[in-house]
Amino acid sequence: MGRFIIETNDLSFGYDKKVPVFDKINLQVEASAIYGFMGPNGAGKTTLIRLLLGLLPHETGQITLFGKHLAGNRIDILSRLGCLVEQPSLYENLTGRDNIRINCMVRGLPKNKLHTVLKMVGLTDAADKRVDTYSLGMKQRLGLAIALLPEPELLVLDEPVNGLDPTGIIEIRELLIHLNKEYGTTIFLSSHLLSELEKLVTHIGILRKGELVFQGSAVELEAVQRQQSVVVVDTSNNQECFLLLKNDQPVISLKADRLIVPYRDKMEVGELCKKIMLAGLNIYEVKVVHHDLEDVFMKLTSN
Amino acid sequence: MTGFWPSFLVEIIKIKNSFAKWLILLGASLMPAFVAFVALNKWKQLVKEIHDNPWPLFSEMSWKGMAFFYSVFFIVLLVCLYFNIEYKNNTWKHVFTLPIKKGQVYVNKLLAVVVFVVCYYILFVPFWIILGYLLGAIRPQLQLITHTPDLELLFLNCFHSVISSLSIIAIHIWLSIRFKNMIIPIGFAVFCSIVMVALFQGGAEEVKYFPYAYHYLSISRPPFFHESKWGPLPQHEWYSLGYFFVFTMLGYWDFTRKFSGNK
């Protein structure tokens, strides 16, 4: 098996051949990574997840999981992963325990696994209640329990914290981090909760209108974030300061009566202040504005 | 690779607490209960019709009631409700992400429906006998207590009914794969039942090619028309097996190649 647990090569797909959902996607998910997959509604996140799981047929490009082509190795690949696609798929006429039991039977797993996963997601007490009496959060936990059942090498989760309360979100986040750290489980998850992804992922992919506009590690994303950080300066004469700095700074603007200067590092901020003061101007305010994931996401996904 | 038995048993477990399970129990008990109720009210008229053993009359009333519309619609409704468990719970996508071949899923579902129909007929037997004796206890004039039912004929009727059911099972499984909306297969069955009545009323021998009439043809005494027997089965039951084979193959093809559960 290569470096990547999930790899797609020039993967294209469209429900209608004339209107592709995405075109030539090259997704690369490293082993033991927590890969956060982001994109606005309709970007194609769930479609891509469905393709990775073989729920949709793809005509062009290749999908490789665990170093094996999905076409021709579907059963072997599916036995090594656990997944949760959109809303959890549960038999509402059965109890939570029965739902897990039937999955145990199909996967040929011992019964004691049932108790382990119920405990992991905190559903032991509600296990014998019918699923149609569960709240959305409880259903989400049960769906996650089913995904965790085979002790998968890869977890594919589509919006895993959907419907969970803040405590539930924290618990699931900690559980996923624990699985990743302790067992080296690779986790591929999509979410629209950017703040959640920021706390969880080691790698990130951003999809916009069927195009992968960013893919890399959290460190690489931080570099992008840094590139978009600015220094906001207010002086006794901003117009004069603008003319003073214009020759030295490649990008500089005057917005809302404040000077906006690209941020590189704190040393450069010191040099900037020194230059303004030497010109005889008073500095009223200097602040560094860092962009969070949301700003980066908005910038990357906007036209 | 998942073993056959565990994945097949899962299909049986799926109807737990569902209306499909209650339909099997209700379906098996309702017709003998209804016939017993009719006999309870019209016992004087029935006493005149009894020659020696009253059980063949009770049997004929029950089986004719079962065969004409009742069993056809029981099977149609059962197949629809059973497949609707996956549609309603949005679980097809989960089924297809389990390490099990699509073909195996199809075979398991087909066998599960056959088992449900066999259970329906097997449950019918004790319900029918109990209600017969209960009727005899309430109306001793019917002499049901003093005689015994012909169990061999009872099980033979069950066997032929199951063979006749196979054609409708395969057709409606295929329809349930093609159409998510269960109204379409039910509507189709209603239409076919009207055609069946027209064929019987017209005395058309071509009814032997019409699967929705096979239940009645199997238990009709005397036979509706002279039909040659090929081996242990009459002609129309061989046709039922033929329909079963053709529609099972068609369903298998659709299920393994195109079906995603989103239609």
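**A salt-bridge network, a sheet and a surface patch**

In this predicted model, a network of salt bridges links A:D234, A:R258, A:E285 and A:K287. One of the pairs is A:K287 with A:E285, whose side chains meet at 3.8 Å, N to O. A:K287 is partly exposed, with a relative accessible area of 41%. A:E285 also counts as partly exposed, at 25% relative accessibility.

The sheet comes next. Four strands of chain A form an open sheet in the order β13-β14-β12-β15, with antiparallel pairing. Its edge strands are β13 (253–255) and β15 (283–289) of chain A, each of which pairs on one side only. From one strand to the next, the twist averages 25°. In general, strands of a sheet pair through backbone hydrogen bonds, in either a parallel or an antiparallel way. Strand β12 of chain A, residues 230–235, is joined to β15(A) by six bridges, and the two run antiparallel. Within β15(A), A:K287 stands opposite A:V232. Helix α10 of chain A, residues 266–278, packs on the sheet and touches β12, β14 (258–262) and β15 of chain A. The direction of helix α10 makes about 160° with that of β15(A).

How many salt bridges are there over all chains? The count comes to 24. Side chains of opposite charge can pair when their charged atoms come close. A:R50 and A:E86 form one such salt bridge, at 3.2 Å from N to O. This pair links distant parts of the chain, 36 residues apart: A:R50 lies in helix α1 (residues 45–52) of chain A, and A:E86 in the loop between β7 (81–84) and α3 (96–107) of chain A. A:R50 is classed as buried because its relative accessible area is 10%, under the 20% limit. A:E86 is partly exposed, at 33%.

Another salt bridge joins A:R141 to A:E171, with the closest N and O atoms 3.2 Å apart. Here too the pair links distant parts of the chain: A:R141 sits in helix α5 (residues 136–148) and A:E171 in helix α6 (residues 166–183), both of chain A, at a separation of 30 residues. A:R141 is buried, with a relative accessible area of 13%, whereas A:E171 is partly exposed, with 39%.

Elsewhere in chain A, the residue A:I5 belongs to strand β1, residues 4–13. Is A:I5 buried or exposed? A:I5 is buried, since its relative accessible area is 4%. Leaving aside neighbours within four places in sequence, the contacts of A:I5 are A:V29, A:E30, A:A31, A:T64, A:L65, A:F66, A:L154 and A:T186. A:E30 is 25 residues from A:I5 in sequence, yet their C-alpha atoms are 5.6 Å apart in space.

The last stop is on chain B. B:F4, B:W5, B:L9, B:V107, B:L111 and B:Y252 make a nonpolar surface patch of about 540 Å². At least two residues of the patch come from each of α1 (4–13) and α6 (102–138) of chain B. The element that gives the most is α1(B), with three residues. B:V107 is found in helix α6 of chain B. With a relative accessible area of 34%, B:V107 is partly exposed, so this residue meets the requirement of over 30% for membership of a patch.

Technical notes. Residues are numbered from 1 along each chain as its sequence is written. Chains are lettered from A and ligands numbered from 1 in the order in which they are written. This is a predicted model: local features need pLDDT of at least 70, side-chain atom pairs count only at pLDDT 80 or more; totals for chains, interfaces and linings use all residues. Side-chain values use heavy atoms; hydrogens and water are left out. Patches are made of residues with over 30% relative accessible area and no salt bridge: like charges are joined within 9 Å, nonpolar side chains (Val, Leu, Ile, Met, Phe, Trp, Tyr) within 5 Å. Accessible areas come from the Shrake-Rupley method with a 1.4 Å probe; for residues, only the protein chains shown count as cover. A salt bridge is a side-chain nitrogen of Lys or Arg within 4 Å of a carboxyl oxygen of Asp or Glu. Buried means under 20% relative accessible area, exposed over 50%, partly exposed in between (1.4 Å probe, protein chains only). Two strands pair if DSSP finds at least two bridges between them. Axes are lines fitted to C-alpha atoms, for helices over the stretch in contact, and angles run from 0 to 180 degrees between N-to-C directions. Contact means heavy atoms within 4.5 Å.
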